Structures are given as structure tokens and as C-alpha cells.
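Biologist: I have not looked at this one before. Can you show it to me and then take some questions?
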Amino acid sequence: MAKKPALMKGAPGARLVLSTACLAAIITGWALLARGTSASQTVESIITIAQVVPPPAWLSEPLVLPTLQPIVSGVSSGAVAVEPVSAPAPAPIRQMRAPLPLRQIQAPPPIILTSSSR
Amino acid sequence: MQRIDFNAMGVTVTVFMDTPAPEIAQELAMIPQWFSYWEQVLSRFQPDSELSRLNESPGSWHKVSSTFWMALMAAQDAAQLSDGLVRPLIGAAMLVIGYDRCFKQIVQAHSNTLPRTVSIPVWQSLQYDSEHQAVRLPVGTRLDLGGTAKGWVAQQTCDWLSRFAPTLVSVGGDIAISDPRSDGSAWPIGVADPALPEHAVETLYLAQGAVATSGQDYRTWMQGSERQHHIIDPRTGLPAATDILTVTAIAPTSVAAEAVAKTVFILGSVDGLAWVAERPEYAALLQCLDGRQIRSETLAHYTWNGALHA
């Protein structure tokens, strides 16, 4: 029965050594890259990148708010907006009088008479 | 309110126009001239009037003026409305009873002649040609447009003036009203007390239409031993024998009001009231010889309390 080559027999150990070395290198590299780098520096770099593209023209214009219209103008296209009229001041409250009986209203006197021809 | 008063056609004429406009005074000032013209056409007391000339030539055709034609047609309308009791062919009867001159002259000239009876032809016997405005009186007849003519001129005047302002026209008590007064109210019209003519026994309120009064309280005179009055009953040819002293009638026009008043007067209180009751477009107030006052049911529409509760 043929023996497997020694190298073959020794391969799992070599792989372990290599993996450990790689892992150490990665960690070391990360540590080196991470050293001296902060969050603020990262934001600055983003803003800097955004300023490269000019803002839309409308954004640089002063903000103009639409004027509010009277409600009535929005009710009907045919309606004419009318200046609201101030209600008159309410009359002072006073005691109501009882209505006059009809018979007390004076009948107008005649202005002319009708009679047989004269 | 502006007014004018003057005498014409043997009576007092009064015109009211309810406006303060100063130019109305000019219109009012013209009215007496209109009445002078109408008298020249329609009076039977003016020998040269169109009516008098027509009366002198019965039996032949005569073309008449537009004024005469319209007044005659109004008289024929009154005849139809009154079932023939108010008809224009009573001129001969008027002469027979002594009403052959203006009323003032009759009263001064006391007559001892007793009246005869004159047959009065039916109103349809008057012939006329509308196309040519021509008229032919039956032989032996005479026209008298009388009270109907007064009603007609009152209505004509009122109709003309109403284009300027609300108007009331009174021609000897025949009253035409165009519209309510400027403030929207009705015109108050008193019904004269025959015993005290300056006092009213009732006040009527009319927004428009007409009022007329006929009676035997004023135009009366003695003929022989008989007291005569001027309202002829065509069924007898004599002054109507009636129990009524005066009748005041309300109707849409003054010609109609005049015809209604005379019809009720001739019929008497019982039949006259029944006649009005069958015609709700009219109203009447009867003052009887015995002092009774009788009102048609429709009269309440024109009295103060009745109008308020209508």
C-alpha cells in the first residue's frame, strides 16, 4: 500500500500557519489604516465630494411663498370675490313693545268725495 | 301730490298726480283745454257740437271724428254691460222730461208741462260702420252720451297722465285711478252723504280702478207736480222709479263703474243688489230713500278693515 507523501501528510499544519499569518497581517493593516482616521474626517470628505456638483438654480433663488387667496374665490370660478362687510354693531337690547291692535292704526281720511254728478 | 280743479261738462273736475316733479304742472295746466275740446264734440247742450249736429239729422249716415267714435263705442259697451238698461239712445226721453238744457238752467226754469212717455229703442238699433267710423241714428231718436261720456273722459285723462305719475281723475264724482300712490298705498275716496254732501258715510280704498255714483239726490227738478231726475229707465222712458237715493259702484274702469251704478239704481235695491252679486268684479254701496245703507259683499274688499284683513 503506497504511503502518502510526507508533504501531504504535513499540509494541514502549513495551512494553519498561513491562515494565522494572514489574519495577523490583516489586523495589522487595519490597525495601521485606522490609526489617525476620525469620523469628522470622513464627513468632510463627503461634503467635499457633494460640493463638486453645482446646486439647482431654483435652490439659489430667494424663497417666494404664494399669496393666500380669499376662500370665496376658490368656491366657484364664476364667483366674484367680495370684500367682507363688517357687521354693524348690535343694537342695544331694549324692551319689546306689544304690537298695536290693527284697529288703532289710523285710517287715512278721504282726499276726494264721490257723489252723483255735480 | 299736485292737483288741479276746474269746471267742465257741467261738473267739477279734479285731477291728482302723485309726484313732486315740477314739470307735471305743465301737464296739469293742459287738461282744461282737453275738456273744452271734448265738450265741443260730446255735449248735447252746445248746438254746434258734433253730437248735436248728428242728432239733427237722423236716418242718414255720418262719418264722425275719432273722439266721437270712441265715446260712442264706450256707450255701446256700457249698454251691453248693463243688459241694455244704460243706453245712449235716450236723448228724446231727456227732452220730454225737461232735461233739454244744462242743469242750472232747468232748475231756474220751472216747467208746468207734465212728461209724456217716449219709447226708447234698444241699443242694438244704433247702426254704425266700423270701417268708416260712420253712424246712422234711427229716425225719431237722439243720442245722449251723458254720464257715460263723463266716465269716458275721466278714463282717457287718467290713462294719459298715468305715464307720468300715479293719477286720480274725478269728473263730477266719476273717478278713475291709474295706480297705487307713490308710497304704494291706496287712494282714500269718500262716499258722500246725500244729506250732507261734504261728509262721507264710508271711505273706500282703491289702488286702481274706478268709482262712480249715480242718484236722484242732486239733479232733480219739478215738472208740474212731479219731481224729476235724470236717470231714465229705458223700459218706461221715464225717470226710474226706484227705492234708491244714490248708488256708488266700483269697477275696473270709470265707464263700467258709471254703467254699474246706473243699472243698480234703475233696478232698485233688491234686484240691483242681486245683479251685483252675480258679478264679483263689481262692488256697490246703496243709500236708499228710507235711509238704509246696503253694501254688496264685495264692498268689504275696499273698506279699511276689509282691506287690512284681506
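The talk below goes through the model chain by chain and then turns to the contact between the chains.

Biologist: What kind of model is this, and what are its ipTM and pTM?
Modeller: It is a predicted model. Its ipTM is 0.82 and its pTM is 0.71.

Biologist: And chain B, what pLDDT does it average?
Modeller: The average for chain B is 89, and 92% of its residues score at least 70.

Biologist: Why would I care about low values?
Modeller: Where pLDDT is low, the predicted coordinates should not be read in detail.

Biologist: OK, chain A. Which elements does it have, and in what order?
Modeller: Chain A has three helices and one strand. Starting at the N terminus, the order is α-α-α-β.

Biologist: How much of chain A is buried?
Modeller: Of its 118 residues, 4% count as buried.

Biologist: Switching to chain B. Which strands make up the open sheet there?
Modeller: Eight strands, in the order β1-β2-β6-β7-β10-β15-β16-β17, with antiparallel pairing. At the edges are β1 (2–8) and β17 (293–295) of chain B, each of which pairs on one side only. Ignoring direction, neighbouring strands in this sheet are turned by 10 degrees against each other on average.

Biologist: How many bridges join β1(B) to β2(B)?
Modeller: Seven, and the two strands run antiparallel. As one example, B:R3 has B:F16 in β2(B) as its bridge partner.

Biologist: What about helices, how do α1 and α3 of chain B pack?
Modeller: Helix α1 (residues 24–42) and helix α3 (residues 66–81) of chain B pack at an angle of about 75 degrees, with axes 10 Å apart. Angles of 65 to 115 degrees count as roughly perpendicular, so α1(B) and α3(B) are roughly perpendicular to each other.

Biologist: Which residues make that contact?
Modeller: B:W38, B:V41 and B:L42 come from α1(B), and B:T67, B:F68 and B:A71 from α3(B). Five residues of the contact are nonpolar, one is polar and none is charged.

Biologist: Now the two chains together. How many residues are in contact?
Modeller: On chain B there are 32, touching 13 residues of chain A.

Biologist: Which element of chain B gives the largest share of its side?
Modeller: That is β8(B), with six residues. The side of chain B that touches chain A has 16 nonpolar, 13 polar and three charged residues.

Note on methods:
Residues are numbered from 1 along each chain as its sequence is written. Chains are lettered from A and ligands numbered from 1 in the order in which they are written. This is a predicted model: local features need pLDDT of at least 70, side-chain atom pairs count only at pLDDT 80 or more; totals for chains, interfaces and linings use all residues. Two residues are in contact if their C-beta atoms, placed from the backbone, lie within 7 Å. Helices (H or I, at least four residues) and strands (E, at least two) are DSSP runs, numbered from the N terminus. Ala, Val, Leu, Ile, Met, Phe, Trp, Tyr, Cys and Pro count as nonpolar, Asp, Glu, Lys and Arg as charged, and the others, Gly among them, as polar. A residue is buried if 20 or more other C-beta atoms lie within 10 Å of its own, exposed if 12 or fewer, and partly exposed in between; C-beta atoms are placed from the backbone. Axes are lines fitted to C-alpha atoms, for helices over the stretch in contact, and angles run from 0 to 180 degrees between N-to-C directions. Angles under 35 degrees count as roughly parallel, over 145 as roughly antiparallel, 65 to 115 as roughly perpendicular and the rest as oblique. pLDDT is the predictor's confidence in each residue, from 0 to 100. Two strands pair if DSSP finds at least two bridges between them.
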